[in-house]
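Hi,

Here is the structure I promised to pass on. Have a look at it first, and then read my notes below.

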Amino acid sequence: MTMLQILWFFLIGLLFAAFFFLDGFDYGVGMAVKTLAHNEAERTQLIRTIGPVWDGNEVWLITAGGAMFASFPYWYATLFSGYYLILLVILVGLIIRGVSFEFRAQSPMEKKPRWDNTLALGSLIVPFFFGVMFISMIKGMPIDAQGNIQAHFFDYFNWFSIVGGVALTLLTYLHGLNYIALKTTGAIQARAQNYSQAFYWVLYLGEVIFALLLLFQTDFIKVHPLSTLLGLALIVAFSVLAHANTFKNRNGWAFVFSGLTLVSLVALLFSGLFPRLMISSISSQYDLMIKSASSSNYTLIVMTIATLVLVPCILVYTAFAYWIFRKRIEMPRVEVR
């Protein structure tokens, strides 16, 4: 296993972490349109908080998928063929979210609720099925000697993967509530803080169940005991810090810590997998390994050079977009058409 192979495994994990930090709150805001807002003016206020940035945030998901394809083509082939239906559902969720933003803005008042429903549904689908996919992957899938997944329904959907899907959905919802508290004014801001303070107690219960399932349903504690325990500790610590800051009206810090909770979760999953890419439940000799599933050294060198040029441009653009739209969003005056 070379340093370049390890570097690209780390970078793909970093790209997924950036995606969940930056796009995670988009899904939370999307769900909040149906669960937090009480009228059309508040729903419009919520959508305007993410309107300028949601599509830019999804660039990190596309970049992570592209990096996986180019640096670990065997991982990409096994994952995308084995999780074809789940990834199709995630794609549908992403599409109906994007369509909802555009169609809602052009619809008359009486038709806006249908696009609010599709926005909330798409925002719920994406994190839930990502949680199911990642958790079933670390539990182990029936991967054969040729790298094909021959899975049944319960390999994808079991207690562990469903808890993981619900936990990831709740984390993104809380991340979205903290973002709303940071970006809005008025009644919706106070309500977002109240919801966040209440739902963190539910999250703690979910984290305990997730930690127990992780310890007993995976080999993480056996293979990487220190990084596994550290990852679980960071998830709990960042959750507590985010929760504590909601009580002190420190909305910025609450948002940062809820984002770091998601980053810690991704770090826990990738550190537990290392040096594997996917785990075979048939036999450990069929595990997909970093050293045998990567592209050539030349390809990795070219990718590294391209990354050094392109990633700073993306970061500058992202920072610029957030700086331009940094002001809080007030409740708009809604015109009935």
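Predicted model: local features only at pLDDT ≥ 70, side-chain atom pairs only at ≥ 80, totals over all residues.

Residues are numbered from 1 along each chain as its sequence is written, and side-chain values use heavy atoms, with hydrogens and water left out.

Let's start with helices α12 (residues 225-247) and α13 (residues 251-273). (Helices are DSSP runs of H or I with at least four residues, strands are runs of E with at least two, and both are numbered from the N terminus.) Two packed helices are described by the angle between their axes and the distance between the axes. Here the angle is about 165° and the axes are 8 Å apart. The axes are lines fitted to C-alpha atoms over the stretch in contact, and angles run from 0 to 180 degrees between N-to-C directions. So α12 and α13 are roughly antiparallel, a label for angles over 145 degrees.

Residues that meet across this pair include Leu234, Ile235 and Phe238 from α12, and Phe257, Leu260 and Leu265 from α13. Contact means heavy atoms within 4.5 Å.

In the loop between α12 and α13 sits Asn249. Asn249 has a positive phi of about 60° although it is not a glycine. At 54% relative accessibility, Asn249 counts as exposed (exposed is over 50% relative accessible area, buried under 20%, partly exposed in between, with a 1.4 Å probe and protein chains only).

Next, look at Pro275, in the loop between α13 and β1 (276-278). A cis peptide bond joins Phe274 to Pro275, with omega about 0°.

Is Val29 buried or exposed? With 1% relative accessibility, Val29 is buried. Val29 belongs to helix α1 (residues 3-35). Not counting residues up to four places away in sequence, Val29 touches Leu46, Thr49, Ile50, Gly176, Tyr179 and Ile180.

Finally, Thr304 lies in helix α15 (residues 297-324) and is buried, at 18% relative accessible area. A polar atom of the Thr304 side chain is 2.6 Å from the backbone oxygen of Leu300. Neighbours within four places in sequence aside, Thr304 is in contact with Leu4, Leu7 and Trp8.

Happy browsing!

Methods
Parallel < 35°, antiparallel > 145°, perpendicular 65-115°, else oblique. Polar contact = N/O pair within 3.5 Å; in protein donor to acceptor, adjacent residues only side chain to side chain.
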